[in-house]
Amino acid sequence: MIDIHAHILPFIDDGPKTIEESIEICKVAANDGIKKIVATPHSKDGAYEANSGDILKGVDQLNLQLRANQVDIEILPGAEVRINEGLVKCIKSGEVLTINNGGKYLLLELPFVFVPPGLDNFVFSLKISGIVPIIAHAERISAFQKNPGLLDQLVRVGARVQINAHGLTKRANPRERKCAEWLLKNRLVHFIASDTHSLKGRPPILSEAVECASRIVGEESAMALVCHNPEQIINGLDI
Ligand SMILES: [Fe+2]
């Protein structure tokens with residue numbers, strides 16, 4: 001499996017505080033059958049401003065440490081980027097990292113309480129520039145909880161949708177779980193990812209969510225959300 005949304009690099013955002021903690025999180029992920037993790041530190045979100053150079057350096061350092069500790073996980077570069085006007089320019093200049101630094105797939109974080117007006121036009125403008133936004137943890141956004149059909153329109157204009165593994169489990173907030181299940185039933189989910197920040201809260205475990213998703217969309221489709229689809233995007237291919 002491949003986890004495309006994880007706060008796994010140490011001391012860069014609100015993820016792990018030490019490299020040892022990063023390694024422990026990766027060990028749990030490896031145990032769950034995860035082979036690759038895209039490191040997606042918060043970027044351009046006001047509180048955290050992880051820059052591309054630091055992320056790329058952090059990825060190299062963590063990969064070295066994982067090999068030294070015989071943890072069979074490969075870390076790839078990325079970022080979770082808060083929506084903002086100048087995104088296309090920042091991506092083209094290399095200031096903002098896309099998934100696996102491929103210049104195509106962008107993990108996009110929206111405000112939790114409202115959908116910015118004109119979001120569909122914004123998604124379309126990214127598409128015109130060759131960038132595909134992946135809407136991060138869609139089930140956590142209250143506007144989508146109230147009206148998950150809004151995502152249908154965004155997908156039609158080019159967005160892709162990621163939900164958190166935690167959102168499908170019994171431990172999830174009921175509103176989040178209901179939204180995640182509705183999106184799955186309506187085939188509006190392209191990725192399940194952990195959005196791990198630590199071993200508490202949202203651990204880097206995808207298998208439990210795949211089991212939950214299998215009951216809704218069948219095993220093959222559920223597995224595609226953590227294997228085939230992530231593999232395609234880290235290689236810059238279409239889904
Ligand atoms: Fe995140």
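**Figure 1. The four donor atoms around the iron ion form an irregular arrangement, because they subtend angles of 80 to 169°.** Four donors would count as tetrahedral with all angles between 85 and 135 degrees; four count as square planar, and six as octahedral, if opposite donors are over 155 degrees apart and all others between 65 and 115; anything else is irregular. This is a predicted model: local features need pLDDT of at least 70, side-chain atom pairs count only at pLDDT 80 or more, and totals for chains, interfaces and linings use all residues. Residues are numbered from 1 along each chain as its sequence is written, and side-chain values use heavy atoms, with hydrogens and water left out.

**Figure 2. His 5 (NE2), His 7 (NE2), Glu 80 (OE) and Asp 195 (OD) are the protein donors of the iron ion.** They lie 2.1 to 2.2 Å from the iron ion. Donors are N, O and S atoms within 2.8 Å of the metal (3.2 Å for Na, K and Ca); water is not among the atoms, so sites may look incomplete. The donor spacing in sequence is H-x1-H-x72-E-x114-D. His 7 sits in the loop between β1 (2–6) and α1 (19–31), and Glu 80 in strand β5 (residues 80–82); this pair links distant parts of the chain, 73 residues apart. Helices (H or I, at least four residues) and strands (E, at least two) are DSSP runs, numbered from the N terminus.

**Figure 3. α1 packs on helix α2 (residues 52–68) at an angle of about 65°.** Their axes are 10 Å apart. Axes are lines fitted to C-alpha atoms, for helices over the stretch in contact, and angles run from 0 to 180 degrees between N-to-C directions. From α1, Ile 19, Ser 22, Ile 23 and Cys 26 meet Leu 62, Gln 65 and Leu 66 of α2. Contact means heavy atoms within 4.5 Å.

**Figure 4. The axes of helix α7 (residues 174–185) and helix α8 (residues 207–217) cross at roughly 50°.** These axes come within 9 Å. Glu 181, Leu 184 and Lys 185 of α7 make the contact with Ala 213, Ile 216 and Val 217 of α8.
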